[in-house]
Amino acid sequence: MELQALALQAGAVLREAGELIRSIPHPAVTSKEGHANFVTEADVASQTFLLERLGPLFPQARFFAEEQEEHQLAPGWNWIVDPIDGTTNFIRRYRPSAISAGLVKDGEGMLGLVYDPWANELFSAVRGQGAFCNGNPIHAAEIPLENALFVFGTAPYHRDLAEASFAVAKEVFLRCGDLRRCGSAALDLCYIAAGRCDGFFEAVLSPWDYAGASVILQEAGAHIGTVPGRTFTYQEPQPILAGTDALFRLLQEAAGKHLA
């Protein structure tokens with residue numbers, strides 16, 4: 001299937017998954033390994049739905065999803081799926097949360113979808129064909145560094161990295177306009193793509209947190225990567241830096257200093 005047609009069909013699946021999680025306003029909650037790391041019945045229901053509906057659309061692709069017991073990219077095509085990015089927000093009804101799906105071929109992001117069911121916004125991109133929100137073209141902003149809006153994640157499951165995380169955040173904050181913390185990395189990255197903010201950092205993110213948004217971000221003219229000296233990958237958790245030109249360079253400098 002041609003990837004643009006696949007993006008349209010897969011986007012419709014994510015919208016349906018959004019309706020599904022909105023229909024479970026008080027989900028049962030269990031804990032996973034790590035501090036304040038939760039999974040809900042809505043996460044499980046959304047993932048089951050996504051795997052069942054995305055699978056037939058592109059049968060040659062394997063699945064690499066958050067609520068699986070084993071996480072391993074297969075050679076060739078893989079869907080990297082997050083059934084709810086921002087689960088703690090979802091549990092607490094603190095709105096920013098999203099459903100994310102990225103299609104990766106041999107380690108290269110080819111298609112990205114992120115759906116915010118609360119704002120009814122579907123961010124989408126196919127490599128080489130631009131980035132969109134609800135079908136309208138989007139592009140990263142061109143804001144001077146001193147006025148830039150920086151968003152970051154606290155890596156809450158890795159409290160040993162708190163000092164380094166906040167050192168990076170402080171250094172960037174002192175040189176840009178202001179700072180935000182949303183709780184959904186997928187949406188943070190899409191907001192850079194849409195020109196709503198300008199840079200992002202988190203000391204540890206898993207591939208399903210950024211796979212879909214990474215394609216959208218790059219197609220919108222921004223950058224994504226990891227700390228200097230490491231190779232960006234969709235295979236394992238890693239530090240993630242993203243942003244427009246000036247802020248991305250500043251993040252590389254600050255993260256290289258505090259996380260190298």
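Predicted model: local features only at pLDDT ≥ 70, side-chain atom pairs only at ≥ 80, totals over all residues.

Trainee: Let's start with the overall make-up. How many helices and strands does the chain have?

Mentor: The chain has seven helices and 14 strands. The C-alpha trace spans about 45 × 40 × 35 Å along its principal axes.

Trainee: What share of the residues is buried?

Mentor: A residue counts as buried when its relative accessible area is under 20%. In this chain, buried residues make up 54% of the 260. As for the surface, the accessible area comes to about 11300 Å², and carbon and sulfur atoms account for 50% of that.

Trainee: And what do contacts tell me about the fold?

Mentor: Look at how far apart in sequence the touching residues are. Take the contacts between residues at least 6 apart in sequence: 64% of them join residues at least 24 apart.

Trainee: How far apart are the mean positions of the positive and negative charges?

Mentor: They are 4 Å apart, for 19 positive and 31 negative charges.

Trainee: Now for a site. Which residues does the UniProt annotation "binding site" cover?

Mentor: The record, an unreviewed entry, lists Glu66, Asp82, Ile84, Asp85 and Asp209 under that annotation. With such a list, check both the sequence and the space. These residues span 144 residues in sequence, yet no two of their C-alpha atoms are more than 9.6 Å apart, so they gather at one spot.

Trainee: Where does Glu66 sit, and is Glu66 buried or exposed?

Mentor: Glu66 is in the loop between strand E3 (62–65) and strand E4 (77–85). Its relative accessibility is 14%, so Glu66 counts as buried.

Trainee: What about Asp209: which element holds it, and what does Asp209 touch?

Mentor: Asp209 belongs to helix H6, residues 207–219. At 12% relative accessibility, Asp209 is buried too. Leaving aside residues up to four places away in sequence, Asp209 touches Asp82, Asp85, Ala185 and Ala186. Two of those names, Asp82 and Asp85, are also in the UniProt annotation.

Trainee: Last one, backbone angles. Which residues have a positive phi although they are not glycines?

Mentor: Two to look at are Asn134, with a phi of about 50°, and Ala155, also with a phi of about 50°. Each one sits in a loop. Asn134 is between strand E8 (131–133) and strand E9 (136–138), while Ala155 is between strand E10 (149–152) and helix H4 (162–173).

Trainee: Are those two buried or exposed?

Mentor: Asn134 has 36% relative accessibility, so it counts as partly exposed. Ala155, with a relative accessible area of 2%, is buried.

Technical notes
Residues numbered from 1 in each chain as written. Heavy atoms only, no water. Helix = DSSP H or I, 4+ residues; strand = E, 2+ residues; numbered from the N terminus. Buried < 20%, exposed > 50% of the residue type's maximum accessible area, 1.4 Å probe, protein only. Contact = heavy atoms within 4.5 Å. Areas by Shrake-Rupley, 256 points an atom, 1.4 Å probe, with all protein chains shown as cover. Lys, Arg positive; Asp, Glu negative; His and termini not counted. Charge placed at Lys NZ, Arg CZ, Asp CG, Glu CD. UniProt positions renumbered as here; feature names shortened; annotations may be inferred.
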